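Visitor: I have a model open on my screen and would like to walk through it with you. Shall we start?

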Amino acid sequence: MAIDFRKDVEHVAKLARLELTKTEKETMAGQLSDILDTARRIQELDTEGIEPTSHVIDFPATMREDEVGASLPLNRVLQNAPKRDNDFFRVPRIAKSGNDGQ
Amino acid sequence: MEYEVIIGLEVHVELHTESKLFCSCPNRFVQEPNINTCPVCLGFPGAMPQMNEEAVEQALKASLALNCEIALTSYFDRKNYFYPDMPKGYQISQYFVPIGSRGSLLIEDDLGSEKQVRIGRVHMEEDAGKLVHSISGEGSMVDYNRAGVPLVEIVTEPNLRSPGESRRYLEQLKSILQYAGVSDCKMEEGSLRCDANISLRPAGTETFGSKTELKNMNSFKAVEKSLEYEIDRQKKILDSGQEVISQTLRWEEDRQETIMMRGKLEAHDYRCFTDPELAPIKLGAEKVEEARAALPEMADAKAARYGRDYGLPPYDAGVLTASRALADYFEACLAIYDNPKVVSNWVMGELTACLNEEGQEIETCAFGPEKMAELLKMIEEQVISGKIAKEVLVKSFRGGKTPRQVVEEEGLLQISDHGELEAVVEKVLAENPDSVEKYRAGATKVIGFLVGQVMKETKGKANPQLVNELLVKKIDG
């Protein structure tokens, strides 16, 4: 009955840009299996007619007035940047034909 | 084979707020990189997002203007991906419960009948930063000024059927959002961006074919062109018995073709979950109804009213309501000078020509509604002739002086003085004995030519009606 979760761990690790050793993968595959078992048990509960819970504490968001405040001074913005190019952050080259996020 | 074209559009629109969605950095385009950033929009650990109330209200307005059902409780989720334009490693977006859903918008289909385009969802999200691909230097450069700017994403159901319908949908969407006052929707400046999903299926069949996604179109025309190109490309593939590969394509404006960006294997797995740092957005039913009631009049309703209340022909009404800025200008003129058809003629004619010639926008041009009203009043009061008024408009538009100042400084007052005009009239009659003969012989139309000669002599300043009267009196007398 034991399902091998090593493939899932590898997939998630890749998405999260994490490099895991073989031992770490095995440990996490076991932990993931336990977590999913617990989730499966919860799913057995009868939730008919119960609203999904998005937040544990159900109070509305506190809104902010649409007013402009001070931004961070540029030297502070770039203070921890590993690399910079004038006032830009510099990152490894992204191919033009590559992923553009959205 | 005959194919049916299936198109769905995803449109991102920047909301017109003062500050960003989750922090108080300015929502303004500036040249200097990274000056409008702070720990929140830079994704520094521990920085807490705080929701901008105005952004939520504008998203609500947009949803209502698009006839959406409103979620009284909605919330923000995290869409996880690694890309340098998103410093947190995730984008805050409404994935599970969008603020608006099941909306619609009316367009004309290719045959000219009314068609309802179904809108699946309208949701709020934050914009990403901008990558600048340095040509000489190593690596890419990132500017986070745009990161955290509030957006709404508007997604249609796949029920557009042609590139033309898609363009008309975008035009209508832009008009509605401009009228609602939530965005300026300038595609060339990036405040409206559009991605298109497109697939073909044999006519008469039900199952969807595999689709491709088109990106990087920077005008409505480019959206239409890229869809035409893609239809042709997919047709050729299907006709040759091959299958269309699901992929993301990039429209290359210079080459007028689509090129592959990424295949299906690289498809995303965003692992969305509700953002624990942001509490739910709760809208009272009353607030929603108030916002619905406060929605401004949209283009179609306005055009109908211009016909009904002002007696304007449908053509005028259509042109004047094409943009909210133009309609606002027209109405501001009317508030001072209440003659709809005259105002309409001058706004659509001389003013529009001036704007085009000078490459200016109506909302920022120096010739405001009060100047237009002043000019038209001067014509009505016979202070200047219509011909001179055109000159005055151009001068006032370019130099920023009021029409009255231009008229006074340049001595353009209409000549309505009998004595002064009589002299000119006599001169013209003496110089044109043939015309006088013709007139006496019954060809009374020749009077127009004689009036023209007097206008020429006076450089357009003569009162044409008076000139007409004087000419007739002199010839007959």
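Visitor: How many salt bridges are counted between chain A and chain B?
Guide: Happy to begin there, with the reminder that this is a predicted model. Chain A and chain B do meet, with 37 residues of chain A in contact with 65 residues of chain B. For a salt bridge, a side-chain nitrogen of Lys or Arg has to lie within 4 Å of a carboxyl oxygen of Asp or Glu. Between chain A and chain B, the count of such pairs is 0.

Visitor: What area is buried between chain A and chain B?
Guide: This value is the accessible area that two parts lose on being put together, summed over both. Carbon and sulfur atoms give 55% of it here. The total buried between chain A and chain B is about 4,600 Å².

Visitor: Which pattern does chain A follow along the sequence?
Guide: Chain A has 102 residues, and 22% of them are buried. The chain exposes about 8,200 Å², with 54% of that supplied by carbon and sulfur atoms. Its elements are 3 helices and 3 strands. Read along the sequence, they give α-α-β-α-β-β.

Visitor: Is Pro280(B) buried or exposed?
Guide: Pro280(B) is in the loop between strand E16 (273–274) and strand E17 (281–282) of chain B. Beyond its sequence neighbours, Pro280(B) touches residues of chain A, including His55(A), Phe59(A) and Pro60(A), and residues of chain B, including Thr73(B) and Tyr75(B). Buried means under 20% relative accessible area. Pro280(B) has 0%, so the answer is buried.

Visitor: How many residues apart in sequence are Pro280(B) and Leu72(B)?
Guide: In space, their C-alpha atoms are 9.8 Å apart. Along the sequence, the separation between Pro280(B) and Leu72(B) is 208 residues.

Visitor: What is the relative accessibility of Pro98(B)?
Guide: Pro98(B) is in the loop between E6 and strand E7 (100–108) of chain B. Leaving out residues up to four places away in sequence, Pro98(B) touches Ala71(B), Ser74(B), Arg121(B), Val122(B) and His123(B). Pro98(B) counts as buried because its relative accessibility is 12%.

Visitor: Which residues does Pro87(B) contact, leaving aside neighbours within four places in sequence?
Guide: Pro87(B) is in the loop between strand E5 (77–80) and strand E6 (90–93) of chain B. With a relative accessible area of 27%, Pro87(B) is partly exposed. Its contacts are Cys41(B), Leu42(B), Gly43(B) and Tyr144(B).

Visitor: How far apart are the end C-alpha atoms of helix H3 of chain B?
Guide: Helix H3 covers residues 220–239 of chain B, which is 20 residues. The expected span is 1.5 Å times one less than the number of residues.

Visitor: Which residue just after H3(B) takes a positive phi?
Guide: H3(B) itself has buried residues, among them Phe220(B), Val223(B), Leu227(B) and Ile231(B). Just after this helix, a phi of about 85° is found at Gly241(B).

Visitor: What is the phi of Asn34(B), in the loop between strand E1 (3–14) and strand E2 (51–52) of chain B?
Guide: Most residues other than glycine have a negative phi. Asn34(B) is buried, as its relative accessibility is 0%. Its phi is positive, near 65°.

Visitor: And what is the phi of Asn216(B)?
Guide: Asn216(B) lies in strand E13 (residues 212–217) of chain B. At a relative accessible area of 39%, Asn216(B) is partly exposed. Although Asn216(B) is not a glycine, its phi is positive, at about 70°.

Visitor: Which helix holds Ser396(B)?
Guide: Ser396(B) is buried, with a relative accessible area of 0%. Its contacts beyond four places in sequence include Phe367(B), Lys371(B) and Val406(B). The helix of chain B that holds Ser396(B) spans residues 386–399 and is H10.

Terms used: Residues numbered from 1 in each chain as written. Chains lettered and ligands numbered in written order. Predicted model: local features only at pLDDT ≥ 70, side-chain atom pairs only at ≥ 80, totals over all residues. Heavy atoms only, no water. Helix = DSSP H or I, 4+ residues; strand = E, 2+ residues; numbered from the N terminus. Buried < 20%, exposed > 50% of the residue type's maximum accessible area, 1.4 Å probe, protein only. Contact = heavy atoms within 4.5 Å. Buried area = accessible area lost by both parts, 1.4 Å probe. Areas by Shrake-Rupley, 256 points an atom, 1.4 Å probe, with all protein chains shown as cover.
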